[in-house]
Every structure is written in structure tokens, then in C-alpha cells.
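Start with a single side-chain pair, then step back to the whole fold. Keep the viewer open and follow along.

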Amino acid sequence: MNKTAIIGAGSWGTALAVTLAENCPNVLLWSRRKELCRTINETRVNQDYLPGVTIPSNVTLTADLEEAVRQKDMLALVVPSHTVRDMARQIAPYTKKETIVISCAKGLEEKTYQRMTQILQEELPHCHAAVLSGPNHAEEVGRKIPSATVVSAQKRQVAEAAQDLFMTRFLRVYTNPDVVGVELGGALKNIIALGAGIADGLGFGDNTIAALMTRGISEIARLGIAMGADPLTFAGLSGIGDLMVTCTSRHSRNRSLGVELGKGKKLSEVLAGMHMVAEGVRTTRTAWELAQQYGVEMPITNQAYNVLFEEKDPRAAVVDLMRRGRTHETEDIVSDKYETW
């Protein structure tokens, strides 16, 4: 499987092209911006999105979508989650039967609540949908810093084909059959990262971040299980692994957005100054709606929603989280596990 293309030349798309160049003789990297394609082909650097990373000579930039997609065995769709459906429709006429299309977006579709692979299955029923997710900042993967990630698909052969394609000496790839859990872990952790950034912006410490991350993965798992995920997935790379890196890294766009909110800036003001998409904003609204639909308690998500969309003061949101009624750390614990008084 050596006919590959990456759709989307942002930071993550560029980093994945650098990765695939280790295993594939030719990799096409598509961008709708012709000038960006010309510049990268000449300079071998994506200065706009991944500066400082040299792009190998066997990666070619193109603005021709048909050229990028036609006759490819594998496509990685690396575009923001809210554009996945439109992009899938655009590439549909050019994809051949049995093409593996890998979603690399971490989000949920607004209004429909669909995961990215569900969208791909609807729009590209003749292809095989898969998802790649994990604690992988483009700034590090592009520089070949040792990292690990997960590929998930309904068919084992599809997951393993993608695993073989992306596995390199600096990127270790695991497979996981739990598509629901892998996608939800990657999407929902961005909400907790927003909260971690807010805590930093408010001047709180390590204890606060540790509590947010621990309780955050708990509510992610609650919603995930209600939606059919395997709880063990949230203890893996696409769960706690991705949560840890997104909540703590200087590369995290969602954490950085949260920091600015914690310092008192308005959401519209922060978004206006961002060069790249922070998926957690849209995901917070969608997850909040899903929590109501499934009857799942998600207190951190609820307060993040209030800060983002109801203009609640971030400090007041933290106070309300701390003053919630008492509960067990493990929600399914039963009283007869305690000794009698």
C-alpha cells in the first residue's frame, strides 16, 4: 500500500506527511492554498503551520484535489472536524473502492452528534473508515521525537494496514477495535484541557490540574460508556494519554485558549487571535448536549459550557465545581462495601 495522500496541510497533516515519507516512496500532501503549495515545494518547510521541520523530498504538495485522491490506497483526512463532512463529499467522486480513509480530526459533528468515522461511512460507503488518535503534538512528531498513537477501525485488516503504514522508528502505532472509545477520548479531552488552561490562567497550581485531569477522565468515560465504548480504552493512549499531553503541553491550542479565558479575556477575543482551530470549543457544546441526552453527569463539561457560552466568570465556575455535593470517587461503589459503623 504505497499510494498515499494527506488531505490538509496544517501542522498535523504536515507532520503525518513527514512520517509517511519514511515508509512510502511518494506522498502527496494537499492544500487548497496554491501559494502555500508552491512555497513548500520550493523551500521544503511549512513556515505557516510547522516551522523548523524539513519536509522530505518525496513529499509533494498539490492544490489539485483530484490528483491527491484518485487511485490512492490510503487517505488521511486531516482537516478540522466541522469540515470533515464537506471534505468527504468533495473527495467522494475520486476515491476508489476499498480505499482506507483515516480520520485524524478530534471532534464531534454539531447537531448530528456523529463521530468522524460515522460521517465517513455515510459519505464514503465504498471506502473503509478508520481513526488515528493519541497524545501526538505535530510539533514533536514532525521533529521525529519518539511518540505513540492508536489506529482503530471496525475491521482488523484495515487497522493493521494503517498501523503498518504509519509505524516508523520514531512513531509506535497500536491498534484498538473500540472505534467509539478512541474517537470520544480524542474529542472530549479537549474540554478538560480548556479547563486546565483556565485553572492556569487563574493562577492555580499542580493540585488543581491533577484533580481536573483525574475527574475529567472519569466523566469522559461515563459518557463514553453510555455511548457504547469500552471503559478500558480511556485508560489508554487515546484516553488518559491524550488527556495528559493536551492538559499540560505548551503546544496545546485548547489549553492555551483556556489560559487566556482564565486571565479574563472573552472567547471571541481569544478566537480572533488564534491562527489554528481549537476543537474543544465546538466539542464542549456538543458534549454538553449529549450529556443531557444520555442523562450523564459531566460537571467539568457543564462549567466549561457556562464559561464559553453563558459568559460565566471562570473563578465562579471553579468555586461551583468545588462546592458540589459530596460523592464517591468511584460512582458505582455501593454502601455495603464499607464496614458497619
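**From one contact to the whole chain**

The side chains of D48 and R33 are joined by a polar contact of 2.8 Å. A polar contact is a pair of N or O atoms within 3.5 Å; within protein, one must be able to donate a hydrogen and the other to accept it, and residues adjacent in sequence count only if both atoms are side-chain atoms. This is a predicted model: local features need pLDDT of at least 70, side-chain atom pairs count only at pLDDT 80 or more, and totals for chains, interfaces and linings use all residues. Residues are numbered from 1 along each chain as its sequence is written, and side-chain values use heavy atoms, with hydrogens and water left out.

Helices (H or I, at least four residues) and strands (E, at least two) are DSSP runs, numbered from the N terminus. D48 has 34% relative accessibility, so it counts as partly exposed. The cut-offs are under 20% relative accessible area for buried, over 50% for exposed, and in between for partly exposed (1.4 Å probe, protein chains only). Setting aside neighbours within four places in sequence, D48 is in contact with R33, L36 and H275. Contact means heavy atoms within 4.5 Å. G216 lies elsewhere: its C-alpha atom is 33 Å from that of D48, and the two residues are 168 apart along the chain.

Now move to S31. Its loop runs between β2 (27–30) and α2 (34–43). S31 has 6% relative accessibility and therefore counts as buried. Its side chain reaches the backbone nitrogen of R33 at 3.1 Å. Not counting residues up to four places away in sequence, S31 touches A9, L36, C37, T62 and A63.

Step back to the chain. Its secondary structure comes to 15 helices and 10 strands. The radius of gyration is 20 Å, close to the 20 Å that the globule rule gives for 341 residues, so the chain is as compact as a globular protein of that length. That radius is taken over C-alpha atoms; the rule is 2.2 Å times the number of residues to the power 0.38. Along the principal axes, the C-alpha atoms fill a box of roughly 70 × 40 × 35 Å. Of the 341 residues, 55% count as buried. Among contacts with a separation of 6 or more, 71% come from residues 24 or more positions apart.
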